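Here is a short briefing to read alongside the structure.

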Amino acid sequence: METTPTCCDSSVATYSRRTALGLTLGAAGVGALSGLGLLAAPLVTHAAALTKEQRDKLTPDQVIEMLQAGNERFRTGKMEAHDYLAQKQATAGGQFPAAAILSCIDSRAPAEIILDARIGDTFNARIAGNIANDDLLGSLEFACAAAGAKLVLVMGHTACGAVKGAIDGVELGHLTGLLSKIKPAVAATKYTGDRTGANAAFVDEVAKTNVLRTVDTIRQQSSILSGLEKDGKIKIVGSMYHLVGGRVEFVA
Ligand SMILES: [Zn+2]
């Protein structure tokens with residue numbers, strides 16, 4: 001019986017595979033292809049999935065550049081022609097994602113799409129208001145400390161309903177407790193003017209504060225992730241996705 005790898009499959013640390021091109025490209029090879037214009041965005045295009053070798057050679061800053069390049073393709077309507085069947089096949093035996101993304105559940109902010117990422121490129125955790133709790137910290141620790149991701153990207157977005165709900169004091173079942181984790185960002189946001197959910201500019205400022213607070217929470221509550229960052233093995237960064245225009249703005 002064929003085994004089905006899971007996110008926690010032990011093979012993630014050791015499995016190696018070939019790209020869809022039939023090549024296992026080292027950094028030099030990728031660089032050469034890039035120099036020839038064959039890889040518009042090195043390590044992302046023209047292969048079905050990252051290999052372990054490729055991923056392990058990436059620095060956190062290179063992963064940021066990779067995601068920024070993907071967002072630029074998305075923003076300008078030049079996304080890859082994704083062959084999801086090939087990507088599925090290339091990743092079925094193991095995964096070597098470069099980043100772990102913590103973002104909101106908003107239907108308009110799907111991280112893989114707006115960063116033009118492939119199957120296998122990124123771990124994705126989504127929760128209303130992109131807050132961090134123990135379970136999400138555990139997920140991010142798995143992504144980086146066990147599975148080798150080089151970047152934690154917290155991504156908030158404009159016009160966030162969860163942030164608006166926190167500002168307006170919405171109470172609804174289990175949502176009340178979730179919004180209580182966003183409320184400190186409301187008080188911490190310096191803003192002169194209409195501080196209600198009816199003011200889109202204030203909502204977006206609180207969303208940005210909330211991203212910065214989530215980045216701080218990750219550093220303060222996960223000694224594993226903060227330790228990896230101090231050692232230069234990962235970076236923990238924050239960003240805001242702009243629904244209008246489609247840009248992912250790195251804010252921390
Ligand atoms: Zn949201």
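Along the chain, the donors of the zinc ion follow the spacing C-x52-H-x2-C. Cys 104 sits in the loop between strand 1 and helix 5 (111-114), and Cys 160 in the loop between strand 3 and helix 7 (161-168), so this pair ties together parts that are 56 residues apart in sequence. Please keep in mind that this is a predicted model.

**The zinc site**

- Three residues coordinate the zinc ion, at 2.0 to 2.3 Å: Cys 104 through SG, His 157 through NE2 and Cys 160 through SG.
- With a relative accessibility of 4%, Cys 104 counts as buried, because the cut-off is under 20%.
- Cys 160 counts as buried too, at 1% relative accessibility.

**Helix 6: length and ends**

- Helix 6 covers residues 134-146, and at 1.5 Å a residue its 13 residues should span 18 Å; the end C-alpha atoms are 17 Å apart, which agrees.
- The N-terminal end of helix 6 is capped by Asn 133, which has a side-chain oxygen 3.1 Å from the backbone nitrogen of Asp 135.
- Just after helix 6 comes Gly 148, with a positive phi of about 90 degrees.

**Helix 6: the buried residues**

- Which residues of helix 6 are buried? They are Leu 136, Leu 137, Leu 140, Phe 142, Ala 143 and Cys 144.
- An α-helix has 3.6 residues a turn, so residues three or four places apart point the same way.
- The cover over the buried residues of helix 6 includes strand 1 (99-103), strand 2 (122-126) and strand 3 (151-157).
- Helix 10 (200-221) and helix 11 (223-230) are also among the elements that cover these buried residues.

**Helix 6 against helix 11**

- These two helices, helix 6 and helix 11, pack at an angle of about 35 degrees, and their axes are 9 Å apart.
- Helix 6 contributes Leu 137, Leu 140, Glu 141, Cys 144 and Ala 145 to the contact, while helix 11 contributes Ile 224, Leu 225 and Leu 228.
- Of the residues in this contact, Leu 137, Leu 140 and Cys 144 also belong to the buried set of helix 6.
- The crossing of helix 6 and helix 11 is left-handed.

**Asn 71 in helix 3**

- Asn 71 has its place in helix 3, residues 60-75.
- Is Asn 71 buried or exposed? Its relative accessibility is 4%, so Asn 71 counts as buried.
- Leaving aside residues up to four places away in sequence, Asn 71 touches Ile 114, Leu 115, Gly 246, Arg 247 and Val 248.

How values were computed:
Residues are numbered from 1 along each chain as its sequence is written. This is a predicted model: local features need pLDDT of at least 70, side-chain atom pairs count only at pLDDT 80 or more; totals for chains, interfaces and linings use all residues. Side-chain values use heavy atoms; hydrogens and water are left out. Helices (H or I, at least four residues) and strands (E, at least two) are DSSP runs, numbered from the N terminus. The expected span of a helix is 1.5 Å times one less than its number of residues. Buried means under 20% relative accessible area, exposed over 50%, partly exposed in between (1.4 Å probe, protein chains only). Contact means heavy atoms within 4.5 Å. A polar contact is a pair of N or O atoms within 3.5 Å; within protein, one must be able to donate a hydrogen and the other to accept it, and residues adjacent in sequence count only if both atoms are side-chain atoms. Donors are N, O and S atoms within 2.8 Å of the metal (3.2 Å for Na, K and Ca); water is not among the atoms, so sites may look incomplete. Axes are lines fitted to C-alpha atoms, for helices over the stretch in contact, and angles run from 0 to 180 degrees between N-to-C directions. A crossing is left-handed if the near helix is turned anticlockwise from the far one by less than a right angle, and right-handed if clockwise.
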